[in-house]
Amino acid sequence: MRRKEVSMISDNKIRVYCPEFGRLVGKCDSKSHIDKTYKCKKCNRMIVYHTDTGKQEIKDVPKRTCSSGMIFI
């Protein structure tokens with residue numbers, strides 16, 4: 001059974017879950033207008049929660065590089 005992707009708790013906070021595994025990735029204030037970005041520790045992906053529409057978007061974690069061309073993992 002899969003969990004809800006987003007749920008509301010009693011203190012006006014929104015819980016955001018990973019759509020793939022159903023793990024809690026973060027909480028945000030219901031009054032916020034800024035899009036929130038969380039990282040799932042199990043699937044290693046970024047979950048972007050759009051507060052104005054209530055939709056979620058899954059993205060891969062971008063690779064970090066520096067000016068010399070070295071890649072950090």
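In which sense do β4 and β5 pair, and over how many bridges? The two strands run antiparallel and share four bridges; strands are DSSP E runs of at least two residues, numbered from the N terminus, and two of them pair if DSSP finds at least two bridges between them.

A word on the source: this is a predicted model, where local features need pLDDT of at least 70, side-chain atom pairs count only at pLDDT 80 or more, and totals for chains, interfaces and linings use all residues. Residues are numbered from 1 along each chain as its sequence is written, and side-chain values use heavy atoms, leaving out hydrogens and water.

Back to the strands. K39 sits opposite M46 of β5. β4, β5 and β6 form an open, antiparallel sheet of three strands in the order β4-β5-β6. Its two edge strands each pair on one side only:

| Edge strand | Residues |
|---|---|
| β4 | 36-39 |
| β6 | 55-60 |

In the loop between β4 and β5 you'll find N44. N44 has a positive phi, near 60°, though it isn't glycine. N44 is partly exposed at 43% relative accessible area (buried is under 20%, exposed over 50%, partly exposed in between, with a 1.4 Å probe and protein chains only).

Now the inside. The largest nonpolar core has ten residues, including I14, V16, C28 and Y49; such a core is a set of buried Ala, Val, Leu, Ile, Met, Phe, Trp, Tyr and Cys residues joined through side-chain atoms within 4.5 Å. β2 (13-17), β3 (24-29) and β5 (45-50) each give it two or more residues. Beyond neighbours within four places in sequence, Y49 is in contact (heavy atoms within 4.5 Å) with residues including V6, D35 and G54.
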